[in-house]
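Visitor: Please show me the model, and then we can go through some of its details.

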Amino acid sequence: MAKYRIAWLPGDGVGKEVMEAARIVLDGLKLNAEYIHGDIGWEFWCKEGDPLPKRTTDMMKTTQCALFGAITSKPQKEAKEELIGELKTKNLTYFSPIVRLRQEFDLYCNERPNIAIPGNPLNLKENINITVFRENTEGSYAGVEFGPVTDDLKKAMVKDAPKMKMFMDTPADDIAISTRIITRKGAERIIRSAFEHADKFKRKSVTLVEKPNVLRKTGGLMTEVFEKVAKEYPHIDSWFDNVDAMAMWLVKSPEKYEVLVCENLFGDIISDLAGQLVGGLGFAHSGNIGKEYAVFEPVHGSAPKYEGMYKVNPMATFLAAKMMCTYLGEHEIAAKIQKGVEITVKEGKVVTYDLGGKAKTLEVAHEVVKNAMK
Ligand code: IPM
Ligand code: MN
């Protein structure tokens, strides 16, 4: 019997291709695992009205963790049009499966390393090493939204939020509300994850990315919890920056930042910015990590226009697979993947189009395995 059971979730489009490449790497480096395929993605939305069927989450519960490729998602109107006949009338709503997985498995910590691989022609600078800790289950992603906004709701809101008065006369259909919910528990566990990581890996600083001067309640709670947890780690430098200023600082002086911690939507945006500093979509990867389970993924989408061409850069998926190996305690294999990726990028001989090369996705996989063994 294999040592690990891993849920294998290729998803849609190029997700399938980069996952095929990842298997070449994991098998090449002999990870002792069995991989159980899970149905997930657009096909299952169209055919079954659910892009994440229950059989898939049930199967995942029998595994230690999952590797996930990419998924197509479309605006609600198009999503409905693509449903098969009888499902069209069922009033179904499309929800992003990855967001659902994060909530259903309570994968509250989205860890996104952004480390410049030496010699990557896409690096903005060479000395960038920023890990973003993004809260992954609440904030604006909790899905608590209103529209139309009824008079009853407005009246209930205005009692505790007097500023709501401004909107009392706006017709129900002409206003929509999306909330940003932060709980003390949610704030504390992500902030703690960031400090624990900094402590373990001897990083010098942790920065909270927020906007408490405007988002007084939620930003205030995040800041309060951050200051409390920071006191437990006096040897780690800590401060807070406003999210807008952070966007500028990250472009100007990325080398000054080591660990960032953010609520969900700020983390979504800031981690893409950080990812672009070190190679962009071809390299950006993340782990969605909870107390009991984890899902690792490249950040890119399913890129329908490239589907079937085997041309996209699989490095992001290899780095996600590396994170997965670290999570499983397979540090030697993780280090080999890193080495294989680094040599392949540095040599620049067998790389995809985004790195100026001509190699196909699966050729890169074989090259990474070869270099990992050196
Ligand atoms: C990410 C993605 C997702 C998100 C999308 C696909 C819902 O952008 O993992 O960052 O917004 O969280
Ligand atoms: Mn994102």
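Guide: The side chains of E367 and K370 meet in a salt bridge, 3.2 Å from N to O; a salt bridge is a side-chain nitrogen of Lys or Arg within 4 Å of a carboxyl oxygen of Asp or Glu. This is a predicted model, where local features need pLDDT of at least 70, side-chain atom pairs count only at pLDDT 80 or more, and totals for chains, interfaces and linings use all residues. Residues are numbered from 1 along each chain as its sequence is written, chains are lettered from A and ligands numbered from 1 in the order in which they are written, and side-chain values use heavy atoms, with hydrogens and water left out.

Visitor: Which helix holds both E367 and K370?

Guide: The two residues are three apart, about one turn of the helix. Helices are DSSP runs (H or I, at least four residues), as are strands (E, at least two), numbered from the N terminus. Both residues lie in helix α13, residues 361–372.

Visitor: Is E367 buried or exposed?

Guide: Buried means under 20% relative accessible area, exposed over 50%, and partly exposed in between (1.4 Å probe, protein chains only). K370, at 48%, counts as partly exposed. E367 has 8% relative accessibility and therefore counts as buried.

Visitor: What is the closest N and O distance between R55 and D39?

Guide: R55 is in helix α3 and D39 in the loop between β2 (33–37) and α2 (42–48), 16 residues apart. R55 is partly exposed at 40% relative accessibility, and D39 is partly exposed at 22%. Their salt bridge has its closest N and O atoms at 3.0 Å.

Visitor: What covers the buried residues of α8?

Guide: The buried residues of α8 include L221, V225 and F226. Contact means heavy atoms within 4.5 Å. The cover includes α7 (184–200), β8 (205–210), β9 (237–242) and β10 (259–262).

Visitor: What distance separates the centres of domain 1 and domain 2?

Guide: Domain bounds come from an automatic or database domain assignment. Domain 1 is 1–109 + 301–374, and domain 2 is 145–178. Taken over C-alpha atoms, the centres are separated by 41 Å.
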